[in-house]
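Trainee: I have just opened this one for the first time, could you walk me through it?
Mentor: Gladly; have a look at it first, and then ask whatever comes to mind.

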Amino acid sequence: MLVGKKAPSFTTPAFHQGKITNVKLEDYLNQWVIICFYPGDFTFV
Amino acid sequence: MGYPKLQELGVEVLSISVDSVFSHKIWNETELSKMVEGGIPFPMLSDRGGTIGRLYEVYDEEAGVDIRGRFLIDPKGIIQAAEALTPPVGRNPQELLRQIQAYQHTLATGEVMPSGWVPGEPTLKPTTDLAGNVWKVWQPRK
């Protein structure tokens, strides 16, 4: 399990408030961040 | 959804699935914006090919999707907590808030949160003297 370890880095496209951008995990250094994985859009959470 | 509360606590949220950013856009426009005023306020990431899911050990190779894993990452980039659930059961936002408040408290004070802790309850100050003496200051809930 990854708990207690450094969160793996990534850079990937994202949709954010109407725009398409690129998001890097490093953008969030120095703050708390939650990453929520889920199986698919249009499925019920 | 608790996002305003998370913002108050200085926490950002990133959602992520293998769908394209265009799918996220349409899902937001056709459904999510009807459930959340203004649509989803945080970035919705695209994990095409499951690359990121593999890094986080949540990519299901057979199904070709990321399972419902949630990671809490501290300001130094360390994963403090992780949870994964199978599809039928949704996550519990209250538990997430509890964990964030607990970890933020521990970071600020060095105190630790025993089992069942919720904000306002007693914490423990970890010292060598406490070893073997926890029973004097804390009892588990019956």
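Predicted model: local features only at pLDDT ≥ 70, side-chain atom pairs only at ≥ 80, totals over all residues.

Trainee: Which strand of chain A is it joined to, and do the two run parallel or antiparallel?

Mentor: Strand 3 of chain A, residues 32-37, runs parallel to strand 1 of chain B and is joined to it by 6 bridges, and within that pairing Phe37(A) has Ile16(B) as its bridge partner.

Trainee: What does strand 1 pair with in chain B?

Mentor: Strand 1 of chain B also pairs with strand 2 of chain B, residues 44-46, in the parallel sense over 3 bridges, where Met44(B) is the bridge partner of Ser15(B). Together with helix 2 of chain B, residues 21-35, these two strands make a right-handed β-α-β unit.

Trainee: Switching to Asp41(A), where is it, and is it buried or exposed?

Mentor: Asp41(A) lies in the segment after strand 3 of chain A, and it is buried yet has no salt bridge, with the nearest side chain of opposite charge, that of Arg48(B), 9.3 Å away.

Trainee: What does its side chain make a polar contact with?

Mentor: The side chain of Asp41(A) makes a polar contact of 2.8 Å with the side chain of His24(B), and, leaving aside neighbours within four places in sequence, Asp41(A) is in contact with several residues of chain B, including Ser17(B), Asp19(B) and Trp27(B).

Trainee: New topic: which strands form the hairpin in chain B?

Mentor: Strand 5 and strand 6 of chain B form a hairpin with 5 residues between them, and Gly77(B) in the turn has a positive phi of about 85°. The two strands run antiparallel and are joined by 6 bridges, with Ala82(B) as the bridge partner of Phe71(B).

Trainee: Last one, where is Glu95(B)?

Mentor: Glu95(B) is found in helix 4 of chain B, residues 93-109; it is partly exposed, with a relative accessible area of 21%, and its side chain makes a polar contact with that of Gln99(B) at 2.8 Å.

Key. Residues numbered from 1 in each chain as written. Chains lettered and ligands numbered in written order. Heavy atoms only, no water. Pairing = 2+ DSSP bridges. Helix = DSSP H or I, 4+ residues; strand = E, 2+ residues; numbered from the N terminus. Right-handed = clockwise from strand over helix to strand, strands pointing away. Buried < 20%, exposed > 50% of the residue type's maximum accessible area, 1.4 Å probe, protein only. Lys, Arg positive; Asp, Glu negative; His and termini not counted. Salt bridge = Lys/Arg side-chain N within 4 Å of Asp/Glu carboxyl O. Polar contact = N/O pair within 3.5 Å; in protein donor to acceptor, adjacent residues only side chain to side chain. Contact = heavy atoms within 4.5 Å.
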